[in-house]
Amino acid sequence: MDNATQTTAANSSAFSFISKGWREVRDSADADLQLMKDRANSFKNLAASFDREIENLIHSAAPSFSVPAIRQSSEIDFMKKLQPKISEFRRVYSAPEISRKVMEKWGPRAKIGIDLSRIRSAIVAEVQETEEEDMDGIVEYNKVRKGRRAMFREEGQFGDWEPIRALKTRLREFEKKNSSVEIFGGFKNSEFVEKVKSSLKAICKEPHESKEVPPLDVPELLAYLVRQSGPLLDQLGVRKDLCDKIVEGLCSKRKNQLVLRSLAGGEPPTVDNDKTNDELDLRIASVLQSTGHCYEGGFWTDFMKHDDSDGKRNVAIVTTASLPWMTGTAVNPLFRAAYLAKSAKQNVTLLVPWLCRSDQELVYPSNLTFSSPEEQENYIRNWLEERIGFKADFKISFYPGKFSKERRSIIPAGDTSQFISSKEADIAILEEPEHLNWYHHGKRWTDKFNHVVGIVHTNYLEYIKREKNGALQAFFVKHINNWVTRAYCHKVLRLSAATQDLPKSVICNVHGVNPKFLKIGEKVAEERELGQQAFSKGAYFLGKMVWAKGYKELIDLLAKHKDDLDGFKLDVYGNGEDAHEVQSTAKRLDLNLNFLKGRDHADDSLHGYKVFINPSVSDVLCTATAEALAMGKFVVCADHPSNEFFRSFPNCLTYKTSEDFVAKVKEALANEPQPLSPEQRYNLSWEAATQRFVEYSELDRVLNNEHNSAKLRRSNGKLIAKSVSMPSLSEMVDGGLAFTHYCLTGNEFLRLCTGAIPGTRDYDKQHCKDLHLLPPQVENPIYGW
């Protein structure tokens, strides 16, 4: 009986000791946490949470029950040792140094959170039963609140975290003693440890993942500046490959990171320039997006939105010539309009120049003139439908133009862009963009239209070099062409490498041949299959009779090898300003040339020729060469960039020297041309040319409403917008160039000094009468009005 009484008394004493110890811990913790609250005005939530958890622990451990005998004295020792460690932990947290540093770090309005990740890590390690090495502690306060971030770290004095390691060790020892020992009625020591773990884990929640984007460093800023200034540097003579090397050097650090990332992912350690540029774009876009910046245009730019109320996009094709003038810039844009409209996915408008009667008599053949735009439109449509075999549903409009005898070309009068209404101003295709914009004084094309594509038809530099002071003129024209195409186009297509290298340009043949020529070729192939003679004549040349169209090269070759080509006769078809001089020169040199009047290449009289000779090196892409190949003939032409597209055809024979020219002519006359394969015929068609145009001009993206949705992919797979977040230095420079050009072309004296036709700044009264226009009004001096 005495033993039982002593045991009960001992248990009561132990329970009173434990309860008193926990109450002291709680009271002391409450006092210290209240002090932290008063000093930093930020520990309220933590203090309340800590207080609630300790109180819950005490309440859960002290119900109305009898206390059984404690078999192990180590449990009492654990509680005794735990109390001073917790007190030490409280003293560390309530140290004046921490409060002072916290107050210095944040003002009274700042929000402070405490990251008790070390406590959490210790408890989680126990839960997972892992034996981890002790870690150096860092007291870290880190909390993200409305995009603002605060961070406080303290090492050294508070870096050893002795209370936490002691707590971790004691919990491990206490749990391993005997998991079945009951320290309270129905409450085992293992359950007690789990309760402590879960309580502390509830306090220490996982901190938010940091989403802070590091700022750009100086090399990245310089790399982006150099890359965006590429077109301007090119204008100043700095090559693009040099700019790429500079950007690559500045981004070497980023490139090394990409290599390491590739190795980590098991990919070959190759990083090309395109990937480096994409990473640079991603960095710029990420930084700008993290700041909330959204670029909506600048001083020069005026973003437009298309009106697709009818479900279709609007395409306007603007060219510098019109039928019945049989020139490439009159014929090819006409076919382009017909085949773009054939798909019925977009509304197409063809804008061609209207000439007064006096200019019509100088330009159009056979003294053909028109009294009204409607009359000329009917002529154009009839000519087209006879050749394509279907009714083309597109609109034809006219803008005022004047013919320049010196330049042998039509110069627009007034602002050409105003003849496309704002409602229809969506996509513009500028045939010969440099020609259209030499003296353009009006609304900037890229401001009025969402997407502007320029197609370069003519090698103007080659023509100008043949004139007096040609080298000097070509120098100025080259830079003016760069200027206007960069200022007024989003994309430039060059038919061949024979043209000058323009900003924003790519090389692609986007021209096809008249379907009539393909039918002639099919007919010739059928005759040859039946054993009939398809070709009864020898060689011929066809082209406008001006020296620059290959006549000089032709006469030089034939004069040099007159003996080697003894008995060779060449028929020449063409009309032009230099006809008399060309014929007299050939007669003086006693060349075996038979000059005939110019005619359509599809004329029946030309079907029997087997060899087409074209020595011209001034063409960009000779339409007559493509037509001759489509009809199944041999073509003998110079090894020149303008003929690059035709080299894949077996009937195209190219020569590099004059001796090689003689050999190719003899080879063509002695053999029969090969029939075209279906693939070769398709490559020459306008269907294939239209498909190439849509792809290389990025028109497919625009028509599918993807033009302004360029995306960059992060390493984690997420997409980030590029075009909205990143202001382009290149766009700002282009806008400045357009504004400068507008100011200069508004001065009549400067226009005349650079060769403009007098009075072309605005259209004249005759144009107003013919096109039913209002007289031009005085412009507002503000740009674009």
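Is Glu-522 buried, partly exposed or exposed? Glu-522 comes out as partly exposed, at 36% relative accessible area, where buried stands for under 20%, exposed for over 50% and partly exposed for what lies in between, using a 1.4 Å probe and protein chains only. The model behind this value is a predicted one, in which local features need pLDDT of at least 70, side-chain atom pairs count only at pLDDT 80 or more, and totals for chains, interfaces and linings use all residues. Residues are numbered from 1 along each chain as its sequence is written, and side-chain values use heavy atoms, with hydrogens and water left out.

Now for the overall picture. The protein chain has 785 residues, and 48% of them count as buried. Its secondary structure comes to 30 helices and 20 strands; these are DSSP runs numbered from the N terminus, with helices being H or I over at least four residues and strands being E over at least two. Take the contacts (heavy atoms within 4.5 Å) between residues at least 6 apart in sequence: 71% of them join residues at least 24 apart. As for pLDDT, the predictor's confidence in each residue on a scale from 0 to 100, the chain averages 75, and 62% of the residues score at least 70. Over residues 129-160 the pLDDT is below 50, and this stretch has 68 contacts in the model beyond near neighbours in sequence. Residues 183-187 also have a pLDDT below 50, with 15 contacts counted in that way.

On to the inside of the protein. A nonpolar core is a set of buried Ala, Val, Leu, Ile, Met, Phe, Trp, Tyr and Cys residues joined through side-chain atoms within 4.5 Å. The largest one has 106 residues, and the members that touch the most others are Phe-394, Leu-570, Ile-613, Phe-661 and Phe-693. Helix α13 (residues 328-342) gives the most to this core, with nine residues. Leaving aside residues up to four places away in sequence, Leu-570 touches a set that includes Tyr-540, Phe-541, Leu-554, Leu-558 and Ile-613. There is also a second, separate core of 24 residues, with Ala-428, Phe-449, Val-452 and Leu-502 among them.

The buried residues of α24 are Ser-658, Phe-661, Val-662, Lys-664, Val-665 and Ala-668. They cover an arc of only 165 degrees around the axis, which puts them on the same side of α24; the arc is taken from the directions from the helix axis to the C-beta atoms. An α-helix has 3.6 residues a turn, so residues three or four places apart point the same way. The buried residues of α24 pack against α21 (551-560), β16 (609-614), β17 (634-638) and β18 (652-655). Strand β16 holds Lys-610, which counts as buried at 10% relative accessibility. Among the residues that Lys-610 touches are Phe-634, Ala-668, Leu-669 and Ala-670.

Charged pairs come next. With a salt bridge taken as a side-chain nitrogen of Lys or Arg within 4 Å of a carboxyl oxygen of Asp or Glu, the count comes to 26. Glu-522 pairs with Arg-681, the closest N and O atoms being 4.0 Å apart. Glu-522 sits in helix α20 (residues 515-529) and Arg-681 in helix α25 (residues 678-684), so this pair ties together parts that are 159 residues apart in sequence. Arg-681 is partly exposed, at 24%. Another salt bridge links Glu-687 and Lys-342, at 3.9 Å between the closest N and O atoms. Since Glu-687 belongs to helix α26 (residues 686-696) and Lys-342 to helix α13, the parts tied together are 345 residues apart in sequence. Asp-639 and Arg-647 meet at 2.0 Å, N to O, and shared partners join Asp-639, Glu-644, Arg-647 and Lys-656 into one network.

Most residues other than glycine have a negative phi, and most peptide bonds are trans. Leu-323 and Pro-324, however, are joined by a cis peptide bond with omega of about 10 degrees, and Pro-324 is in the loop between β5 (313-318) and α13. Lys-504 has a positive phi, near 60 degrees, and is found in the loop between β11 (491-494) and β12 (505-507).
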